[in-house]
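Q: Could you go through this structure with me? I'd like to ask about a few residues and then about the aromatic rings.

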Amino acid sequence: MKFVLEVTVDEGASARDTVGELGRILRYWGGNLRHYALEPGDGSAVYDSEYREVGQWRIVAS
C-alpha cells in the first residue's frame with residue numbers, strides 16, 4: 001500500500017507559515033491514523049489551522 005498526502009500551501013495560513021502548518025498537519029494526522037484501518041480507499045480531507053480544506057490524504061494500492 002501507499003500513503004499519499006497532498007497539501008496546497010499557496011494561500012491562507014499555509015502560505016504564511018508553511019513549515020508550521022505542515023508540521024501541525026503531520027502531527028495531527030500522525031496521531032489520528034490509528035482510527036483508520038489503513039486499507040486502500042481510506043482517506044480524509046486535510047485542513048489548515050483556519051479550518052480551510054488544503055488537501056487530502058489517502059491510501060492506495062501500490
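Q: Is Val9 buried, partly exposed or exposed?
A: In this predicted model, Val9 has a relative accessibility of 31% and so counts as partly exposed, because that class lies between the cut-offs of 20% for buried and 50% for exposed.

Q: And where does Val9 lie?
A: Val9 is found in the loop that runs between S1 and helix H1 (12-16).

Q: What separates the C-alpha atoms of Val9 and Leu22?
A: Their C-alpha atoms are 8.6 Å from each other, while the two residues are 13 residues apart along the chain.

Q: New topic: how many aromatic pairs does the structure hold?
A: There are five aromatic pairs, and one of them joins Phe3 and Trp57, whose ring centres are 5.6 Å apart with planes at 20 degrees.

Q: Why is that pair of Phe3 and Trp57 stacked?
A: The planes of Phe3 and Trp57 meet at 20 degrees, and planes under 30 degrees apart count as stacked, so the pair falls in that class.

Q: Which parts of the chain does it link?
A: It links distant parts, since Phe3 belongs to strand S1 (residues 2-7) and Trp57 to strand S3 (residues 53-60), 54 residues apart.

Q: Are Phe3 and Trp57 buried or partly exposed?
A: Phe3 is partly exposed at a relative accessible area of 40%, whereas Trp57 is buried at 0%.

Q: What about Trp29 and Tyr36?
A: Trp29 and Tyr36 form a tilted aromatic pair, with 6.2 Å from centre to centre and 50 degrees between the planes; Trp29 is buried at 9% relative accessible area, and Tyr36 is partly exposed at 27%.

Q: Which residues form the aromatic cluster?
A: One aromatic cluster is formed by Phe3, Tyr28, Trp29, Tyr36 and Trp57.

Technical notes: Residues are numbered from 1 along each chain as its sequence is written. This is a predicted model: local features need pLDDT of at least 70, side-chain atom pairs count only at pLDDT 80 or more; totals for chains, interfaces and linings use all residues. Side-chain values use heavy atoms; hydrogens and water are left out. Rings of Phe, Tyr and Trp (its six-membered ring) pair if their centres lie within 6.5 Å; planes under 30 degrees apart count as stacked, over 60 as edge-to-face and the rest as tilted. Helices (H or I, at least four residues) and strands (E, at least two) are DSSP runs, numbered from the N terminus. Buried means under 20% relative accessible area, exposed over 50%, partly exposed in between (1.4 Å probe, protein chains only).
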